[in-house]
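I opened my notebook on this pair of chains and wrote down each thing as I looked it up. Here are the entries, in the order I would show them to a colleague.

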Amino acid sequence: MNLRQVRKKTKSIRNVKKITKAMQLVSAVKMKKAQQLEVEGRPYRDTLTAIIEKLVSNMDTAWSRLFGTPLAENEKKATRKLIVLISSNKGLCGAFHVNLYRFLLRTKVDFLNADFVAAGTKGVQFVSRMRGKILADFSNSKFLNSVSAIFSFVLEGYLRGDYESVSIVYNKYLSAFRSEAVEETLLPFEWKKEEIEEKVLALEYYIEPSPKKIIEPLLKSYLEERIRGAIISSEAVEHAARMMAMKSATDNASDIIYNLTLIGNRLRQEKITNELLDMVTAKESVEVN
Amino acid sequence: MLHLKIITPQKIALEDDVIAVTAPSTQGEITILPRHVNLFTQLVEGIIKIKPEKYLAIGGGYLETDGEEINILVSRAYGQNEIDSEQTQKAIEEAKKIVTSAKDENERKQAMKLLHRSFIDMKLLKKRKHIQSSV
């Protein structure tokens, strides 16, 4: 490289650094917001879960079609799976999507025997690359606004008897630096009776209007809340991942600028030395003659 | 004393020790006092009255109590100073317009919902005036 090339390169990297730095700052703000949403929404989800656990003892699984796998019209049990895949629309966020893809591959999801409902174009791209079938794509609007649309779509397909189970795959938020791709089963609705404390089970509740009437709307709002929680969680992870990715990009840019400046200085020095040598030899040759 | 928690998907709207809570359930209005029997009920849109002196407009949801604690889970909850009377009035006007000019059933239903909600908000605001004048 000559001096001019080095200078040009340094300048362009400086510009890149400015951009990544700006993206880092923007992501940091967005992450804070998403985190806040995730933390503040947690009591609602937790209380709802706690309430459902308390009411379980009074419930009969025959009261709602959400418990077992419904049968299709031809009385055949469905074998297909429906997967709600939460990703994002934008790239440049480090391992965010890779983690999700790797998780899907590791859990050996049978792409040919599963239908997908996607929120996020990156997820759509991946699924179609794997020859999976996308039933619905909710990437276009803000994900949080389409929670109820996603839920009613999923519920409809399930109650029609098309699917054996419905699950949701997303990046779960653990802390600002830790996340984990998970798959959670939404339907058929299940709970682990052993995990609920006996003390809770012994509580008798007076339920109005009647357990039978309340169970479906309650489960529905619970499931919808699960989807909402997954989206909020995934968003927090996305921004955290992007912030980290942009931070390391900025750091790398600084490194490159540092090295390029060294090279540039050396080249400049070399040029000066050469010019001096030229002058000295020219002078000496003149003096000898 | 009852420990009351009103929780919306966005945040905990209210957490306080109270004397009594009156809420609109699907079966009609119910009041929860301390040592109430364990109860779980569905709530409809309306106004929650909390003693001592507080009103909240809520969306639909659930109420759970064991006589010492009340957990109220609702889609939305607004206090009196979180609602702007002018904006609500405007929303009512607009919703009315949509109801009369709506093309399909769905649109009309949505507008009716909005109208209903705005009316509840207005009712809530009137309650505040009442309290202020009585003090």
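**Entry 1: ground rules.** I take buried area as the accessible area (1.4 Å probe) that two parts lose on being put together, summed over both. The model is a predicted one, so I kept local features to pLDDT of at least 70 and side-chain atom pairs to pLDDT 80 or more, while totals for chains, interfaces and linings use all residues. Residues are numbered from 1 along each chain as its sequence is written, chains are lettered from A and ligands numbered from 1 in the order in which they are written, and side-chain values use heavy atoms, with hydrogens and water left out.

**Entry 2: the interface.** How much area do chain A and chain B bury between them? I get about 1900 Å², with 66% of it on carbon and sulfur atoms. On the chain A side, Tyr44(A), Tyr205(A) and Glu208(A) lose the most area to chain B, and together they make up 30% of what that side buries. Counting contacts (heavy atoms within 4.5 Å), I find 21 residues of chain A touching 22 residues of chain B.

Next I looked for polar contacts, meaning a pair of N or O atoms within 3.5 Å; within protein, one must be able to donate a hydrogen and the other to accept it, and residues adjacent in sequence count only if both atoms are side-chain atoms. The rule gives 5 residue pairs across the interface of chain A and chain B, both residues at pLDDT 80 or more.

Which elements give two or more residues to the chain A side? They are α1 (3-55), β6 (206-208) and α6 (211-288) of chain A. Here helices (H or I, at least four residues) and strands (E, at least two) are DSSP runs, numbered from the N terminus. α1(A) gives the most, with 9 residues. By type, the chain A side divides into 13 nonpolar, 3 polar and 5 charged residues; I count Ala, Val, Leu, Ile, Met, Phe, Trp, Tyr, Cys and Pro as nonpolar, Asp, Glu, Lys and Arg as charged, and the others, Gly among them, as polar.

**Entry 3: a strand pair between the chains.** I call two strands paired if DSSP finds at least two bridges between them. β6(A) runs parallel to β5 (residues 39-43) of chain B, over 3 bridges. In that pair, Tyr206(A) has Leu39(B) as its bridge partner.

**Entry 4: strands within chain B.** β1 (residues 2-7) and β2 (residues 12-18) of chain B pair antiparallel over 6 bridges, and they form a hairpin with 4 residues between them. Ile6(B) sits opposite Leu14(B) there.

I then followed β6 (residues 46-51) of chain B, which is joined to β3 (residues 20-25) by 3 antiparallel bridges, with Thr22(B) opposite Lys49(B). β6(B) and β7 (residues 54-58) of chain B are antiparallel too, over 5 bridges, and a hairpin of 2 residues links them.
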